[in-house]
Structure formats: structure tokens, C-alpha cells
Amino acid sequence: MNTRSTSIISADSSVPIISVRGVNKTYAGGFRALKNIELDIRRGEIFALLGPNGAGKTTLISIICGIVKASAGSIVADGHDIARDYRAARASIGLVPQELHTDAFESVWATITFSRGLFGKAPNPAYLEKVLRDLSLWDKRGEKIMALSGGMKRRVLIAKALSHEPTILFLDEPSAGVDVELRHDMWRMVRELREQGTTIILTTHYIEEAEDMADRIGVINKGELIVVEDKEVLMRKLGKKQLTLTLRQPMTAIPLGLNAWSLALADNGQALIYSFDTQKDETGIAELLRALGEHGIEFKDLRSSESSLEDIFVSLVHRPREVQV
């Protein structure tokens with residue numbers, strides 16, 4: 001078998017490092033896990049793929065990594081077609097899966113050394129030592145994996161994924177079930193890898209991490225990619241600001257004369273919440289306060305807040321499909 005790689009595209013930074021075209025996945029029982037996925041991931045970015053359980057995140061990652069075969073469509077990873085040039089494409093990818101799959105009877109050092117060799121990389125003890133030190137695993141290098149804690153096993157998976165110096169790193173729910181210390185170590189390493197040019201694709205249930213780390217956000221729901229956008233643009237487009245007024249006297253209903261504003265009662269009528277669009281030039285707050293005075297509604301405190309990425313995510317996955325952006 002000819003295993004020589006054939007590059008489809010150059011390493012031009014303007015060319016997506018991953019290009020997904022028309023990818024579908026239907027399982028034997030008829031369940032359609034992915035529906036016509038179109039996605040470009042930019043070289044050197046941190047891309048967060050968000051979605052509820054069962055949305056298709058892991059299926060999409062597994063197809064890009066060549067673990068699962070797509071029913072239709074094509075994928076190019078770092079210039080190589082994932083189907084026609086599997087070895088070269090897979091050599092560009094490091095994957096940290098959700099599940100803790102390791103060879104329990106091997107030592108940490110043997111595991112990552114073997115993993116590097118699987119991808120045809122020449123030995124590089126200095127590089128592997130750096131990876132283990134960055135993950136606080138150097139002191140554990142001689143221990144068998146079966147003797148490690150769950151958090152340490154997770155660190156080994158990350159070390160394995162990095163052992164062959166991939167240009168693309170997938171982190172599938174890497175924070176699930178790990179301690180705060182590992183989470184901090186991991187995100188520090190992710191930032192360093194991005195600075196060195198590695199492209200990071202992550203899925204996470206900790207949406208605040210995506211908000212903090214990601215350059216772009218993709219949201220997948222019921223097998224469909226419903227939005228892909230720069231994080232800041234997404235939050236400007238879909239974010240809302242809220243003004244919460246704590247009332248001097250509780251209200252049972254909002255007067256009809258205030259219908260021009262997007263108002264809602266909260267805290268058993270003790271608070272009035274006004275939601276407004278962050279993109280509009282006029283907030284309408286001054287007019288609202290005047291209208292409240294005209295209706296004899298007094299307040300003793302007011303505070304403002306802005307939508308988080310989590311708020312936007314929840315609104316997207318619960319919105320009717322036809323009105324999603």
C-alpha cells in the first residue's frame with residue numbers, strides 16, 4: 001500500500017486548516033447524527049464547539065479524526081483528505097477523548113513514547129520531558145497508569161495527544177471530572193500551544209471556559225450547525241443587556257401604558273426587568289424612567305447586566321430552527 005502523503009493545499013494561513021464539506025452521518029438504525037455540516041476552522045485559532053448532550057459534537061470530532069466514517073461529505077485536515085490520505089491527515093491531529101482509555105499496565109513514559117512512535121516520529125526525549133513537566137507528570141513518568149488518579153490519567157491522555165507534535169489538537173470535554181488545578185494547567189498549556197501555532201478545537205460543558213478561551217464559537221444542535229461566529233461578534237449580535245429595577249412597592253401586573261418596552265416582573269413583583277438590544281444606538285432607558293414616573297412607579301435601586309455566552313447558547317438551542325442566525 002502506498003502511504004506517501006499528497007498535500008492538497010499549502011500551509012498558507014489564509015487557507016482553513018480544517019475544511020468540512022457536506023458531512024452527514026446516519027447510523028444503521030436510521031438515526032441521523034449529523035446533517036449537512038459545512039465548517040472551516042482557521043489555522044492557529046481556538047474554536048469552541050458547543051451543544052447539548054447528543055447534539056453531534058463527538059460524532060463530528062470522531063469523523064474529522066478518522067475514527068468514524070461519514071455517510072457523505074468530505075474533510076480536509078492540514079492539506080490532506082481524511083479519507084484518501086488518512087495517515088498524513090491523522091498525523092496532523094492530536095485527540096484528547098472524553099473517555100479514559102489508556103494501557104493500564106504501561107508506565108507513563110512508555111505510553112507517550114509508544115504513542116509518538118506510532119505516528120512515525122523520531123525519538124525526542126527532551127520534547128516529551130517538556131510535555132510531562134508542563135502537565136505536572138514528570139515525577140510520575142515511571143509509574144504504571146493503573147496506579148494514577150483519574151485526574152492524572154486525564155493528564156496522560158493530553159500528553160499522548162501531544163506526543164507527536166500535532167498541528168491540530170482536539171479536546172473533547174477535557175474538563176469533565178477533573179480538578180481545578182488540572183483545569184488551570186490545561187488552559188495555560190492550550191494558550192501556549194496556540195501561541196506556538198497549534199490550532200485548538202474544544203468541546204466543553206463549562207461554557208465560561210469557551211467564553212474565556214475561544215476565538216470563535218460554533219453551536220451544534222440536533223445534528224445541525226446552527227451558528228458559527230467570532231465570539232465577540234456573536235455576543236454583540238445576540239447579546240442582550242438588562243436593567244433591573246428594585247421597586248418600592250410590589251406590582252402584580254405591568255401597566256398597559258408600558259407595552260412599548262420589553263418588560264418583565266421578577267422576584268414576586270418586587271423587581272422590574274427591562275431587556276434591550278446592545279446594538280441599538282438608543283437604549284430607551286431615559287424614556288422608560290420618565291414613563292415609570294408618569295405611572296407613579298417608584299424604584300429604590302437599579303442595576304445593569306449583560307448576556308453571557310451561556311445565555312446566548314441557551315437561547316439558540318431552544319429557539320425555533322427557522323429564526324436562528
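Among contacts in the chain between residues at least 6 apart in sequence, what share joins residues at least 24 apart? Keep that one in mind as you go through these points.

1. **What you're looking at.** This is a predicted model. The chain has 325 residues, and 45% of them count as buried. Its secondary structure comes to ten helices and 14 strands.

2. **Back to the opening question.** The share is 70%: that is how many of the contacts between residues at least 6 apart in sequence join residues at least 24 apart.

3. The accessible surface of the chain comes to about 16,600 Å². Carbon and sulfur atoms make up 50% of that surface.

4. **The largest nonpolar core.** Have a look inside: this core has 45 residues, and the members that touch the most others are Leu50, Leu169, Leu171, Ile217, Val219 and Leu309. Helix H5, residues 150–162, gives the most to this core, with seven residues. There is also a second, separate core of 27 residues; Ala55, Ala77, Ile168 and Ile201 are among them.

5. **Zooming in on Val219.** Which residues does Val219 touch, not counting those up to four places away in sequence? The list is Leu50, Glu224, Leu225, Ile226, Val227, Phe313, Leu316 and Val317. Notice Leu50 in there: like Val219, Leu50 is one of the residues touching the most other members of the largest core.

6. For one spot to check, find Lys25, which stands opposite Leu34 in S2.

7. The structure holds one aromatic pair. Trp109 and Trp138 form it edge-to-face, with 6.0 Å centre to centre and 80° between the planes. Trp109 lies in helix H3 (residues 108–118) and Trp138 in the loop between helix H4 (125–134) and H5, so the pair ties together parts that are 29 residues apart in sequence.

8. **Buried or exposed?** The two rings' residues get separate labels here. Trp138 has 16% relative accessibility, so it counts as buried, the cut-off being under 20%. Trp109 has a relative accessible area of 27%, so it is partly exposed.

Conventions
Residues numbered from 1 in each chain as written. Predicted model: local features only at pLDDT ≥ 70, side-chain atom pairs only at ≥ 80, totals over all residues. Heavy atoms only, no water. Core = buried A, V, L, I, M, F, W, Y, C linked by side-chain atoms within 4.5 Å. Buried < 20%, exposed > 50% of the residue type's maximum accessible area, 1.4 Å probe, protein only. Helix = DSSP H or I, 4+ residues; strand = E, 2+ residues; numbered from the N terminus. Contact = heavy atoms within 4.5 Å. Pairing = 2+ DSSP bridges. Areas by Shrake-Rupley, 256 points an atom, 1.4 Å probe, with all protein chains shown as cover. Phe/Tyr/Trp six-rings, centres within 6.5 Å; stacked < 30°, edge-to-face > 60°.
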